Amino acid sequence: MGYFKSIREPIDFVFIIFYKLPSMAELIILGTGGATATDKRDNTSFFIKSGDDRILIDCPGSIVHKLKKAGERPDEINLLLLTHIHPDHIYGLPSLVHSLMLIEKEIFIYGSQETVNFVATLLDLFELRKPQIKCKTVLIPVNPGEEKIIGGGLRLRAIRTPHHSSSLAYLLIMEKDSQKWLFSGDTPPHPPLWAEAKVIDLLLHEASAPHRFFETYPELKAVHTSSYELGFYAEQAGVRRLIPCHFFGEVDFSLEEIETEIRANYTGELFIPRDFDRWPKKI
Ligand SMILES: [Zn+2]
Ligand SMILES: [Zn+2]
């Protein structure tokens, strides 16, 4: 007579470990120039991919074209941080919203109260906040020193800079990426920025021209930073990684001169960018 024997055999457990590498935010440098473009450099702006967030820092012209050229999707932008209202940082905004007018989406736009008021006027001038515009802009003022949660859990801290009455620098804290990046916007060397810069992963700071031009045009000293000054203060602050930007197009110098002046003092990681460069570099 047969019977079924309950067989209890040791079971081999196979543990499948889903090991997730930490994500890494990606920076796409859409432009590296100052107010005057050259044949190689357009106005400074950045595009950041962090998790599901797509963050644009400043909005000069041809953003849609530049993002498509970089293989990225303009319709994915959900956050826009504006440093100030000089044309080279903001004039492309009506065109960006107009280009996305048929797409139902929201773009959250952050800036100082003065910047946000200016943006409202600018968009209304082009009738870009009317109901038929499906791309909705949500304007959010940020006070200097204030910290806000933005997008999918990023933290944004604003720091007043002495360039224009509307100017803010932004510290972007991407906890999921374990990254803190500081964007100076246009500014002369400014002690509160160096205090923040001690503890961050990446500083993107203007270095508008070599120092000899600041001697020729001393009025620049109150509103911009030379490459010599950037290297000097970045070294003092202990900045680990530095990307200079906002290179003037109206005076003649080479990026090698910028690098030499920064390296006169700075010993940390240095990346001299060209338009459409990415950071970190893909291996
Ligand atoms: Zn500028
Ligand atoms: Zn400016």
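Some housekeeping. Residues are numbered from 1 along each chain as its sequence is written, and chains are lettered from A and ligands numbered from 1 in the order in which they are written. As the model is predicted, local features need pLDDT of at least 70, side-chain atom pairs count only at pLDDT 80 or more, and totals for chains, interfaces and linings use all residues.

The sheet is open, with seven strands and mixed pairing, in the order β7-β8-β9-β10-β11-β12-β13. Strands here are DSSP runs of E, at least two residues, numbered from the N terminus; two of them pair if DSSP finds at least two bridges between them. The edges are β7 (147–150) and β13 (269–270); each has a single partner strand, so one side of each is left without a neighbour in the sheet.

Now β12, residues 241–245. Its pairing with β13 is parallel, over two bridges. Arginine 241 stands opposite glutamate 269, and leucine 242 has leucine 270 as its bridge partner. With β11, residues 202–206, β12 also pairs in the parallel sense, over four bridges; there, leucine 204 faces isoleucine 243. Four of the five residues of β12 are buried, that is, 20 or more other C-beta atoms lie within 10 Å of their own, with C-beta atoms placed from the backbone.

Last, leucine 171, in β9 (residues 168–174). Beyond four places in sequence, its contacts (C-beta atoms, placed from the backbone, within 7 Å) are Arg157, Ile159, Lys180, Leu182 and Glu196. Its C-alpha atom is 8.8 Å from that of isoleucine 200, 29 residues apart along the chain.

How values were computed:
A residue is buried if 20 or more other C-beta atoms lie within 10 Å of its own, exposed if 12 or fewer, and partly exposed in between; C-beta atoms are placed from the backbone. Two residues are in contact if their C-beta atoms, placed from the backbone, lie within 7 Å.
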